[in-house]
Amino acid sequence: MRLFVSEGAPGSLPVLAAAGRARVGAELLVSTVGPEECVVPFLTGPKVPVLQLDSGTYLFSTSAICRYFFLLSGWEQDDLTNQWLEWEAMELQPALSAALYYLVVQGKKGEDVLAPVQRALTHIDHSLSHHGCPFLTGETESLADIVLWGALYPLLQDPAYLPEELGALCSWFQTLSTQEPCQRAAETVLKQQGALALRPYLQKQPQPRPPEGRAVSNEPEEEELATLSEEEIAMAVTAWEKGLEALPLPRPQKNPVLPVTGEKNVLITSALPYVNNVPHLGNIIGCVLSADVFARYCRLRQWNTLYLCGTDEYGTATETKAMEEGLTPQEICDKYHVIHADIYRWFNISFDIFGRTTTPQQTRITQDIFQRLLARGFVLQDNVEQLRCDHCARFLADRFVEGICPFCGYEEARGDQCDKCGKLINAMELKKPQCKICRSCPVVRSSQHLFLDLPKLENRLEEWLGEVLPGSDWTPNARFIIRSWLRDGLKPRCITRDLKWGTPVPLEGFEDKVFYVWFDATIGYLSITANYTDQWEKWWKNPEQVELYQFMAKDNVPFHGLVFPCTALGAEDNYTLVSHIIATEYLNYEDGKFSKSRGVGVFGDMAKDTGIPADIWRFYLLYIRPEGQDSAFSWTDMLLKNNSELLNNLGNFINRAGMFVSKFFGGSVPEMVLTSDDQRLLAHITLELRHYHQLLEKVRIRDALRSILTISRHGNQYIQVNEPWKRIKGSESDRQRAGTVTGLAVNIAALLSILLQPYMPTVSATIQAQLQLPPPVCSILPTNFLCTLPAGHQIGTVSPLFQKLENDQIESLRQRFGGGQAKASQKPVAVETITAPEPQQIQVLMDEVTKQGNIVRELKAQKADKNQVAAEVAKLLELKKQLAVAEGKPLDPPKGKKKK
């Protein structure tokens, strides 16, 4: 083998470190070449590092070369390492390229350099801290550690760019940097020059764009608004003046909801919850609540939308629960279906259908699909050795066997999947298996079963994925999980079980078996729709006209993105397949996981007994929605978000806007004479509104919520700067100005009521009732900011929207839902403070930040001396830092100007 490297080429660092760690020694010839030398004959340009294998094959990707060296040393691939490598390529490298370019080529220093990579560094630190391991994938260093270390070393070797507050990151980096292979690699590539050794290489690269299009700046993000053209301002004013005339006619309500040719038809499902489990907050945000937000948004866009869900009622879990409670399986399903329905009703989930899988339609459709698969040769028969519990006198379904994962050693792995490493498991592979019901050791027995021939369907699946994935909104974790399955090669999957409670198998010799719940559970979406309307096939056999969005937690991805599509493709009956899989990561509870048995965490049937309204729960769960990585519910953080974002920001603005109309203008919206500054505000609100649309169209639910809060902050700043409560006491022109500000503010409040509808439907309806919004406005969300409350419009009685959460109240709830973790929960995960600050302190700091922000804006408007502006900006940043500490937020560096 021959490895070609170049001095000053960043990619040479990790490959040399990986080679040294693999101890390839005499088998490897290392050649140093110039950065312009073309080593690979079939590449059009120079590329280093490159590994030429003895066979003549070339590897020229840094991670591929490192992977090859690790494989030589006996390392076995795992999904977590692959996930880190994808993250390094997609997220870390673009940010790091920008940081190194600023440092080495442009000579920037400090925060200008750190800003692009701060988020990535924080992510690494959080992952290391959260898992409590010294390395990225466990107790020993892995391929991921070497690749990420090699990428980061040129920057972080300078202590000025290794943030001390990221303790886990610092420890990890220093541990790797002291290892001999890494030290030798650094000496070879950087020649004791540090990052400056990369200058010749970086000078030949195009200037990288900052991540997410943000320029590097020390200016506080919220104090800077997008630069607007005169044309954008004029268009915003024109749209505003059209008012209610610009709204389309509301879509008439139809029952049942059916696809309409030529219109946008959106079919939305959330993963079917097991009927015997009471859902906790993580289940609710992962499936039904996220899907509800999107369904409500689609309806506001006047799209033809059907949202369905239901309880998954067949399988061993139901049989076992029935035994525990002394009921029949059907009685258990009837009991818990009502519990689920009540919980979702309280959370205001707007299902068009909430059904169940124990129906004749489920049997008919499942058996039809099976018969079609059987007739086309996609079903196999084979004997299977299974675990049987003699004590319970039954074969054990996979989920009722627990043991040690054969891949990662996790001690609580289920018989179908390991929750830690994510690998699918055959229950027979578990080490030290136990019956989950009685904890006795099961024995092996043989039984004949049916299998779906996934290898035979693999080419069809690949072809379908090739068509659907480009341009779709599959979440990154869903794409990664499906790629992992395909990379390892599909294997036949058993679709029958030795049970009584399930859909019967219509095949001679298998009368005593039922379909495995994960074969027929996803078919439940079809049968639930069939129980809603006998025209169900217009939704489910109409792929040309229906766009299917499916919401779930990441553990459900294989069944929705692979098993059911293979089933439908094999059935050859023109089924509608998923267009977009929206998968969340996991929501944890404070310092650990939800546990009904230990009394840890809030479950759906408990939330309404806390005295906290459903919309507050919805808001906070959506605010911390685990979109890119796991997140944690924290009582302290919930208090802070309620009191700061809802009470002091959103509620404060909407209440003030309405009260000004009532108090100063007799409840009638005053005349508005817009100044150039007002017109500019219209354009900024319109831009943020369109950003909200862009985000929700991509199902970026959490980010779109922040757009709502940004608009509210714009409104608060507008009122604060213009002071209508003072102007109303002044001259005629002052009173006219107070009227304009009040009229514009109450129209922003009206817009916010519509934007809030997907997130907080009860609060939204309350605002609309207080402002007496015309009915068409309440059901349609435009793409432009319109004047929906014209001069003369009479509003209703205005009252506060939110109540303050008190420390004593929250501490009581923390103790109540802490179970065995009550004492430990004094130190919550999501808020990095030792003790909760007093809300009064937070309010004082928020007022100071607002006051100082006004000073900065006024100086800029007056084009004051730059040094004077800089001094006031520094004061503002210091106040914000103090506020962040008080609110328990991490001390991120200020972000750059926001580009729209």
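Buried here means under 20% relative accessible area, exposed means over 50%, and partly exposed is whatever falls in between. With that in hand, Gln-809 comes out as partly exposed, because its relative accessibility is 30%. One thing to keep in mind throughout: this is a predicted model.

**Gln-809**
- You'll find Gln-809 in helix H30, which covers residues 807-816.
- Leaving aside residues up to four places away in sequence, Gln-809 touches Ile-612 and Lys-804.
- Leu-639 is 170 residues from Gln-809 in sequence, yet the two C-alpha atoms are 9.6 Å apart in space.

**Helix H16**
- H16 takes in 13 residues (476-488), and at 1.5 Å a residue it should span 18 Å; the end C-alpha atoms sit 19 Å apart, so the two figures agree.
- Buried positions in H16 include Phe-480, Ile-481, Ile-482, Trp-485 and Leu-486, along with Asn-477, Ala-478 and Ser-484.

**The three-stranded sheet**
- Strands S11, S10 and S12 make an open sheet in the order S11-S10-S12, with antiparallel pairing.
- S11 (413-414) and S12 (431-435) are the edge strands; each has a single partner, so one side of each has no neighbour in the sheet.
- S10 (residues 401-404) runs antiparallel to S12, and three bridges join them.
- In that pairing, Val-401 faces Cys-435 of S12.
- As for what holds such strands together, strands of a sheet pair through backbone hydrogen bonds, either parallel or antiparallel.

**Aromatic rings**
- The structure has 27 aromatic pairs.
- Take Phe-351 and Phe-354: their ring centres are 5.1 Å apart and their planes meet at 25°, so this pair counts as stacked.
- Phe-351 is buried, because its relative accessibility is 17%.
- Phe-354 is buried too, with a relative accessible area of 19%.
- Elsewhere, ring pairs tie Tyr-589, Trp-617, Tyr-620, Phe-633, Trp-635 and Phe-817 into a cluster.

**Charges over rings**
- Lys-264 places its charged end over the ring of Trp-303, 4.8 Å from the ring centre.
- Arg-388 lies over the face of Phe-395, and here the distance to the ring centre is 5.4 Å.

Technical notes:
Residues are numbered from 1 along each chain as its sequence is written. This is a predicted model: local features need pLDDT of at least 70, side-chain atom pairs count only at pLDDT 80 or more; totals for chains, interfaces and linings use all residues. Side-chain values use heavy atoms; hydrogens and water are left out. Two strands pair if DSSP finds at least two bridges between them. Helices (H or I, at least four residues) and strands (E, at least two) are DSSP runs, numbered from the N terminus. Buried means under 20% relative accessible area, exposed over 50%, partly exposed in between (1.4 Å probe, protein chains only). Contact means heavy atoms within 4.5 Å. Rings of Phe, Tyr and Trp (its six-membered ring) pair if their centres lie within 6.5 Å; planes under 30 degrees apart count as stacked, over 60 as edge-to-face and the rest as tilted. A charge sits over a ring if NZ of Lys or CZ of Arg is within 6 Å of the ring centre and within 35 degrees of the ring normal. The expected span of a helix is 1.5 Å times one less than its number of residues.
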